[in-house]
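Work through the exercises below with the model open. Each task is followed by a stepwise solution.

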Amino acid sequence: VHDVYLDAYSIGKYEVTNQEYCDVLNWALAQGRLKDQGGAPWPGSGKIYAGDYRYIIVDITRTECHIEYVDGVFQPQNRPGLPDSTAYSMGMHPMVALSWYGAVAYCNWLSEMQELTPWYDMTAANWPLTMLPVTDGYRLPTEAEWEKAARWDGHPREYPWGDAWHAAYCNNYDDDNVLGGGYHKYQTAPVGSYPAGVSPYGLHDMAGNVWEWCADWYGASYYSQTPGGGWVDPQGPASGSDRVLRGGSWYNNGDPSYRAAYRFSNAPSGTDYNFGFRVAR
């Protein structure tokens, strides 16, 4: 246990949805920002890459990726739903099958769309943070910012809603999805479907639904501070091989993954079916 001081920041109330990600992808496509692995303009099929130093951002070829490219436009998919075979839009579900770079690219492009200064440098290896004081665009939350938003209301909660585990407060493997069983069990839920599980700051889905990418490289340094010592806006290690993920997902079976202090990591190029994100400023 150690003290951390954070300057004021804003963080998304919800995870970024398929519809929100499609909106930004359509803008990026029109700007010529989407590429194939070789650096040519994205041809309309296959995995999507971006940046002068190219990394995969979205694996749209995965069956678990619920966006599609139809007639020159990115859009959320429909899938069979309840009752019976109703066509159910995935627009309000969290975006998955995207890498850390895909989350970063979204932050930069959304900033440009809103005439804000992008936070990340997408021209260099690892797309490092620019960390310029004039930057006012969107970015990923640091690990410390994510954890504060998930668990702090004067004392550190075990879970966003309190200190006792409640399977019904989040979308998780032990509990039927709010949309029902069958096709919907053990998959993502629309963001905000579990209002009883909000964090002290009113943030939804900080336990379950999808793992959320954070800005930091994964390492021990965030937790290696001498007990009682104070850190100001910690950024995590200066380098590494994996990026931090927080919050657990629909695929995880209860404890310990849903604890607000639980840490997970993956290579930043990973595009798993239960990796998503939310933005900060």
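**Exercise 1.** Classify Arg-157 as buried or exposed, and find its salt-bridge partner.

*Solution.* Step 1: Arg-157 has a relative accessible area of 14%. Buried means under 20% relative accessible area, exposed over 50%, and partly exposed in between (1.4 Å probe, protein chains only). Arg-157 is therefore buried.
Step 1: Arg-157 forms a salt bridge with Asp-153, and their closest N and O atoms lie 2.9 Å apart. A salt bridge here is a side-chain nitrogen of Lys or Arg within 4 Å of a carboxyl oxygen of Asp or Glu.
Step 2: Asp-153 is partly exposed, at 38%.
Step 3: Elsewhere, salt bridges with shared partners link Glu-143, Glu-147, Arg-151, Arg-246 and Arg-263 into one network.

A note on the basis. This is a predicted model: local features need pLDDT of at least 70, side-chain atom pairs count only at pLDDT 80 or more, and totals for chains, interfaces and linings use all residues. Residues are numbered from 1 along each chain as its sequence is written, and side-chain values use heavy atoms, leaving out hydrogens and water.

**Exercise 2.** How many salt bridges does the rule give, and which parts does the Asp-52 pair tie together?

*Solution.* Step 1: The count comes to 12 salt bridges.
Step 1: Asp-52 pairs with Lys-35, with the closest N and O atoms 4.0 Å apart.
Step 2: Asp-52 sits in the loop between strand S2 (48–50) and strand S3 (55–58), and Lys-35 in the loop between helix H1 (18–30) and S2, so the pair ties together parts 17 residues apart in sequence. Helices (H or I, at least four residues) and strands (E, at least two) are DSSP runs, numbered from the N terminus.
Step 3: Asp-52 is exposed at 54%, whereas Lys-35 is buried at 18%.

**Exercise 3.** Describe the salt bridge of Glu-64 and the accessibility of its partner.

*Solution.* Step 1: The partner is Arg-62, with the closest N and O atoms 3.1 Å apart.
Step 1: Glu-64 is partly exposed at 28%. Arg-62 is also partly exposed, at 23%.

**Exercise 4.** Where is Thr-123, and which residues does Thr-123 touch?

*Solution.* Step 1: Thr-123 lies in the loop between helix H2 (100–113) and helix H3 (143–151).
Step 1: Its relative accessibility is 46%, so Thr-123 counts as partly exposed.
Step 2: Leaving aside residues up to four places away in sequence, Thr-123 touches Asp-52 and Tyr-53. Contact means heavy atoms within 4.5 Å.
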